[in-house]
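Hi,

Here is the structure I promised to pass on.

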Amino acid sequence: MTLWWIGDIVLLVVIFPVVVYLLRGVLEAARSIVAPVREIATVAAAGSKDLDAAALLLTTQDQVTRTVAGVAAYGGSLDVILDDAQAE
Amino acid sequence: MPAAGVVLIVAVLMIVLALVYFLVATIVALWRVTAGLDEVIAGVGEIVRKSEPVNDVVSAINEQLDAGVDLLEGLLVKKAGMSDAMGLIEGAYPGAAAAGLRNFPESTDVEAPRIGEIYTRGTLSLARLGREAPIAALSPQGAVLRNVEGGSLAARELYPDVRHTSPENLPRSPAIGVDAPDQYERRDDIGAPRKRLPARRP
């Protein structure tokens, strides 16, 4: 009977607090993940929205192609009009 | 049942209740994490999808710009010469000459003339339009040719004329008038009455 009481005391004083402590740690760790995941989801959505302008790169590419073509034509004309520099 | 047994059952029940409470709470938290990660995955997937063509487009733009840079650098060096080219670059963008030209590594060794202090932008190129343009006859290499504060000698030195060197003989000025060695025939119609057209009859 004495050993039984000793077992009860150990169960209530040692094992129960340890179990509660460990489970509470797991719960706090799980809850601490929720907020950062929400923030990551918000940032990912914002980043995705920022990339909506990426389609304009096609317009930029077209403009750059036209500009370089114009520069090439202008450079070709200058090459004909201007004398080459004399060798130094 | 002895009292110790009752206490044991109560203790076990307390442990089980604690397990149930904390494990259920943990499961709920993990559900929220899963839902958040689903949103993250959706957002990241959208980012990947939208940024997929960016690499190719930017590479194509860079290729075009590289071609433009090659063209302009080559044209500038060909037409202005390496030294003047670096002077023009330095004049237009102070400090840029130190970086040199991408296709001309030797350009970093060139001491850029202070073209920006002598000419306005583009003046040198415009001057080179004329093969005999006086301003193009002298190179801007070396010291500043024109004193911006107002120096007449510096201005005269821009021209290939040798007057500023005080030579013994200068080319004679052309002679004009009746005693000139070159005489031109006078046109008959100059000074004559203007021809009158016949009047129209009604």
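Before we get to the helices, one term: a crossing counts as left-handed if the near helix is turned anticlockwise from the far one by less than a right angle. Keep in mind too that you are looking at a predicted model.

Let's start with the two chains. Chain A has 88 residues, and 3% of them are buried. It contains two helices and zero strands. Chain B has 202 residues, with 15% counted as buried. Here there are six helices, again with zero strands, so to read chain B from its N terminus is to read α-α-α-α-α-α. Take the contacts in chain B between residues at least 6 apart in sequence: 53% of those join residues at least 24 apart.

Now for the place where the chains meet. The contact draws on 46 residues from chain A and 48 residues from chain B. On the chain A side, α1 and α2 (56-81) each supply at least two residues. α1(A) gives the most, with 26 residues. By type, the chain A side divides into 31 nonpolar, seven polar and eight charged residues.

How do you describe two helices that pack together? You give the angle between their axes and the distance between the axes.

The crossing of α1(A) past α1(B) is left-handed. The residues in this contact are 37 nonpolar, six polar and eight charged.

Then the α2 pair. The axes of α2(A) and helix α2 of chain B (residues 54-92) come within 10 Å, and they cross at roughly 15°. By that cut-off, α2(A) is therefore roughly parallel to α2(B). And here is where the opening definition comes in again: α2(A) and α2(B) make a left-handed crossing. Sorted by type, the residues of the α2(A) contact with α2(B) come to 17 nonpolar, six polar and two charged.

Next, look inside chain B. Which residues form the largest nonpolar core? There are eleven of them: Leu76(B), Val77(B), Ala80(B), Ala85(B), Met86(B), Leu88(B), Ile89(B), Ala97(B), Leu101(B), Val110(B) and Ala112(B). As background, nonpolar side chains tend to be buried together in soluble globular proteins.

Pick out Met86(B) from that list. Leaving out residues up to four places away in sequence, Met86(B) touches Ala97(B), Ser107(B), Val110(B) and Ala112(B).

Last, find Met82(B), which sits in helix α2 of chain B. Is Met82(B) buried or partly exposed? A residue needs 20 or more other C-beta atoms within 10 Å to be buried; Met82(B) has 19, so it counts as partly exposed. Setting aside neighbours within four places in sequence, Met82(B) is in contact with Val77(B), Phe104(B), Ser107(B) and Val110(B). Also check Met82(B) against Ala112(B): they are 30 residues apart along the chain, and their C-alpha atoms are separated by 9.0 Å.

Technical notes. Residues numbered from 1 in each chain as written. Chains lettered and ligands numbered in written order. Predicted model: local features only at pLDDT ≥ 70, side-chain atom pairs only at ≥ 80, totals over all residues. Helix = DSSP H or I, 4+ residues; strand = E, 2+ residues; numbered from the N terminus. Buried ≥ 20, exposed ≤ 12 C-beta atoms within 10 Å, placed from the backbone. Contact = placed C-beta atoms within 7 Å. Nonpolar A, V, L, I, M, F, W, Y, C, P; charged D, E, K, R; others polar. Core = buried A, V, L, I, M, F, W, Y, C linked by C-beta atoms within 7 Å. Axes fitted to C-alpha atoms, helices over the stretch in contact; angles between N-to-C directions. Parallel < 35°, antiparallel > 145°, perpendicular 65-115°, else oblique.
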